[in-house]
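The sequence and the structure are shown first.

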Amino acid sequence: MASTLESAGALPSTTRENVGFALEQSSAPSWQRAPHRIPTRPAPAAEVLPNDEQWTRLRQFHIGNERAGADLETIERCLPALLSPYAEDVRLRFDFPLLLHTVLTVDDPGHIATPLSEFLVSAVAAIDGEPAGQRILRDNLARFESTIQGALAQGSAPVAAKPLLLQAGERMQDELALSAENRAQLTETLIQVAAGISPETGLLGYGPRAAVYLLMHTVRHTLIPKHLQFAETVAGLAEQLRALLSLEWAQSQADQDPQHIEGRVGAAGAQFLDAAALGRVMHHARGPQRMSPEHRGHVAHALKILEGFLDSRTVRLMTIIDAGELAREPACPTQSLVWQGRSYACEFQAGALACSEANKAFDSAAQELAPVFSAMRTARLTIAGQDDPRAHDSASQVLSWENFSDSEWQLVPMVVAVTSADAVAAHELADLSRLLRSHRPVQILVMVDPANDPGTEEQNNDVPPGKRLELGYFGVSQRHAWVNQSSAARPRHLIAGFQSAIKAGRPGLHVLLSEARRKPDAPQYLHPWLVAGSAIEGRGHSLFHFAPPGAAHPRYPAQTLRTGHLDLQDNPQPEQDWPAYALPYRERDGTEHSLLLPFTFVDFAVLHSALAHQLRLIPEGVQGESLLPVAAYLSLPAAEAAKHLPYIWLVDPDGGFRRAVPTRDLLIKAKDRLDYWRTLQADAGVRNAFVEQARQEATAQAEQDAQHEREQLQESFRVELARVRQETARNTMSRLTEVLLGLDVTGDAPAGAARAASSPDVAAAAPPAWACATQPAATEEQGSEIDDAVMEEAWIDTPLCTSCNDCININPRLFVYDENKQARIGDPRAGTYAQLVEAAEKCPARCVHPGQPLDPDEAEVDALIVRAAPFN
């Protein structure tokens with residue numbers, strides 16, 4: 001997943017989430033991309049000594065003296081440096097609005113939601129040719145999207161997408177003041193684009209309740225196909241039971257009763273037959289009776305339940321229990337979705353204790369469906385001929401939700417509890433724990449403010465500051481629930497968590513980021529999506545999925561987990577403590593550079609009204625080595641950190657860099673966020689000390705094995721080299737002896753003897769006695785001299801060559817590759833002795849042997865011979 005800051009100014013992408021918000025100035029009539037405002041580096045100032053009054057005030061403010069902070073400049077008109085490109089009036093292109101797609105089938109679930117920007121880009125590109133309407137719409141897509149965003153009030157429920165797109169197109173046509181011809185062509189293009197949207201498709205804007213609406217849509221998209229499939233199954237079982245009971249009735253005693261026969265043929269027909277005689281004939285001809293009257297009555301009752309289920313045209317798909325988080329906003333709509341003749345309803349209830357009431361709501365909903373599931377089991381057993389009333393009838397009577405199958409779990413109306421982290425921490429922590437361990441597939445949505453410690457406002461604060469209660473980690477500790485810590489600002493991550501929790505048939509805890517932002521009229525107001533993304537970037541609300549043991553792997557659904565699995569991969573730069581990005585800036589002389597800045601929890605605090613008061617601007621004249629960036633400060637031991645004053649970089653409204661000092665309390669919160677993030681990293685195996693130790697041990701073992709293998713190869717090479725040298729010496733001595741025997745040293749040797757010795761036709765014979773007497777065998781010292789003579793030429797142990805190219809790169813004529821791409825000496829006079837020595841020193845296999853220099857007058861030849869000695 002691409003991060004908020006990383007995607008600044010990029011074009012929309014269809015493959016990565018949140019890549020893409022282009023900056024567009026609202027006042028620009030051409031709607032061309034606005035250039036990012038590049039901050040300016042301040043001019044260097046004289047250092048202020050530590051005993052200066054300003055420095056003292058900064059120190060006092062940092063340790064918590066509020067009076068000292070009154071004399072320092074506030075940060076209300078500044079933004080974190082990395083967010084400075086968004087200080088101006090800009091329009092963002094991001095994942096909202098979202099197209100909420102139509103329900104399909106179990107076999108073809110399709111996509112749940114698609115960003116409108118992605119859909120429009122692909123839909124416009126798919127239009128054949130390049131009509132004028134397509135060009136106009138393509139050039140004004142940002143304006144079109146902005147018009148749609150303006151029509152979607154923040155926090156409103158999804159609206160029908162197709163009418164809204166057409167209305168936004170008409171408004172854009174008025175704004176552009178198009179000619180009649182261009183207006184008609186643009187209208188035709190808009191109709192073509194809207195044709196790819198079904199009437200049931202909704203459009204959702206970003207707002208405080210976006211996560212709830214996304215859950216409602218995910219439940220519908222996931223469960224309605226299963227309900228349709230279930231209804232087909234029920235209809236098939238009911239039809240088979242009707243046929244079976246009809247056959248049973250035809251074979252029953254009632255069909256043989258004379259009065260029943262007269263009733264079936266009517267009064268007019270009864271006068272033409274003897275009902276009693278006919279009944280006696282049927283008595284002798286009837287087939288075997290399959291059911292007892294009691295069993296037949298029980299099967300008939302099961303059929304009645306199934307038929308009653310099919311006659312009901314309304315299905316309660318989900319129940320939302322709100323403990324107050326949504327009560328502050330307009331009520332969540334109880335809108336129903338009509339699909340293939342059935343109405344799928346969403347019921348909304350208010351409740352003070354959402355977790356405990358969710359337990360009761362699920363038990364009640366499960367009890368309502370238990371007779372249907374019991375009737376289905378009766379039908380299957382009866383149709384299969386396993387019709388022992390004592391076995392399956394008694395089992396059906398005691399059916400409870402604990403005995404539901406995996407497929408039956410997903411047919412119970414989804415119960416969703418919506419509450420706040422403060423309410424859970426203050427009143428419902430025990431109820432939440434019981435619910436998460438109960439195996440009831442209830443979904444709990446907990447809204448959490450990343451700046452607050454849940455529950456501290458309503459309880460005696462006896463917990464040290466900065467030790468925050470993490471409800472997501474609390475859910476992980478219960479071990480049996482699916483935990484999804486996410487945000488509507490990352491809809492793909494959020495929807496994936498919703499889907500996995502629903503399909504798992506387990507309790508699901510969804511810890512969601514609540515909106516906490518500056519008021520729209522506050523200085524330097526930012527879009528709430530940017531503020532939410534900043535909380536994620538600053539590790540204030542880390543994203544993760546936790547799949548419990550026995551659940552499907554979140555990334556590999558075909559695999560079943562034996563242990564719990566924590567996934568952090570959708571966080572920005574998950575391997576780092578803080579994500580870092582390059583920020584372009586301009587020097588006073590106009591030259592542009594870039595500065596790598598981390599985005600910390602303190603940077604996020606600048607945007608949060610409950611934390612921003614804990615920062616003050618550092619006067620521009622204050623300099624010194626004691627000032628340290630927050631990211632580096634938090635990595636120091638406490639004793640060392642106390643010697644420094646931490647700061648973060650901000651950008652003021654004029655585009656200048658400023659530094660701000662945080663209070664110690666804010667740093668404690670930031671350190672707690674960092675510690676929690678490192679804990680998540682360790683649990684997810686991203687930066688786990690045991691994993692790192694195992695990696696180091698494996699690396700050391702591999703290096704040890706490689707060293708042992710190298711030593712074995714070198715030893716075998718030395719043995720082989722000694723053998724070759726000895727064999728070469730013997731061969732050399734033999735050839736030398738033969739040459740000496742053929743020489744006429746005294747001139748008295750008969751010519752025939754010389755000719756015979758040199759003639760190839762004469763068989764080799766042992767040397768004569770005089771030759772042996774005058775030519776004694778070579779001594780060990782002489783053999784060594786011959787060895788040295790043999791080894792004077794440069795050579796390469798070609799079989800040991802690793803094809804590293806080191807020698808080839810030095811001189812491709814002196815060193816060449818053979819057909820196996822292993823080095824050998826090419827032209828020994830094409831290079832210098834220095835190149836031979838250099839190649840020997842670089843060779844990782846130590847297979848280059850420089851020998852002795854061919855040119856004794858080469859520069860620094862004596863030093864080269866000394867360097868070459870270890871390789872000869």
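This is a predicted model: local features need pLDDT of at least 70, side-chain atom pairs count only at pLDDT 80 or more; totals for chains, interfaces and linings use all residues.

Strand E4 (residues 98–100) pairs with strand E7 (residues 202–204) in the antiparallel sense, over three bridges. Within this pairing, Leu99 has Leu203 of E7 as its bridge partner.

The two strands belong to an open sheet of four strands, ordered E5-E4-E7-E6, with antiparallel pairing. Strand E5 (113–115) and strand E6 (159–160) form its edges, each pairing on one side only. Strands of a sheet pair through backbone hydrogen bonds, in either a parallel or an antiparallel manner.

## Helix H7 and its two faces

Helix H7 covers residues 180–194, and its 15 residues should span 21 Å at 1.5 Å a residue. The C-alpha atoms at its ends are 21 Å apart, in agreement with that expectation.

The buried residues of H7 are Leu186, Thr189, Leu190, Val193 and Ala194. Because these residues cover an arc of only 135 degrees around the axis, they lie on the same side of H7. The elements that cover them include helix H3 (116–125), helix H4 (132–139), helix H5 (141–151) and helix H6 (161–176). On the face turned away from the buried side, H7 carries the exposed residues Ala180, Glu181, Glu188 and Ile191.

## Salt bridges

Side chains of opposite charge can pair when their charged atoms come close. The model contains 25 salt bridges. One of them joins Arg658 to Glu73, with the closest N and O atoms 3.4 Å apart. Arg658 lies in strand E22 (residues 657–662), whereas Glu73 lies in the loop between helix H2 (66–70) and strand E2 (79–80), so the pair ties together parts that are 585 residues apart in sequence. Arg658 is buried, at a relative accessible area of 10%, while Glu73 is partly exposed, at 46%.

A second salt bridge links Arg183 and Asp174, with an N to O distance of 2.8 Å. Arg183 is partly exposed at 30% relative accessibility, and Asp174 is exposed, with a relative accessible area of 52%. Elsewhere, salt bridges with shared partners connect Arg468, Glu470, Asp672 and Arg673 in one network.

## Cysteines

How many disulfides does a search of the whole structure find? The search finds zero. A disulfide is a covalent bond between the sulfur atoms of two cysteines.

Cys804 illustrates the result: the nearest cysteine sulfur belongs to Cys843 and is 5.7 Å away. Because a disulfide requires sulfur atoms within 2.5 Å, Cys804 is in no disulfide. Cys804 is partly exposed, with a relative accessible area of 32%. Cys78, by contrast, is buried, with a relative accessible area of 4%.

Terms used
Residues are numbered from 1 along each chain as its sequence is written. Side-chain values use heavy atoms; hydrogens and water are left out. A salt bridge is a side-chain nitrogen of Lys or Arg within 4 Å of a carboxyl oxygen of Asp or Glu. Buried means under 20% relative accessible area, exposed over 50%, partly exposed in between (1.4 Å probe, protein chains only). The expected span of a helix is 1.5 Å times one less than its number of residues. The arc is that of the directions from the helix axis to the C-beta atoms. Contact means heavy atoms within 4.5 Å. Two strands pair if DSSP finds at least two bridges between them.
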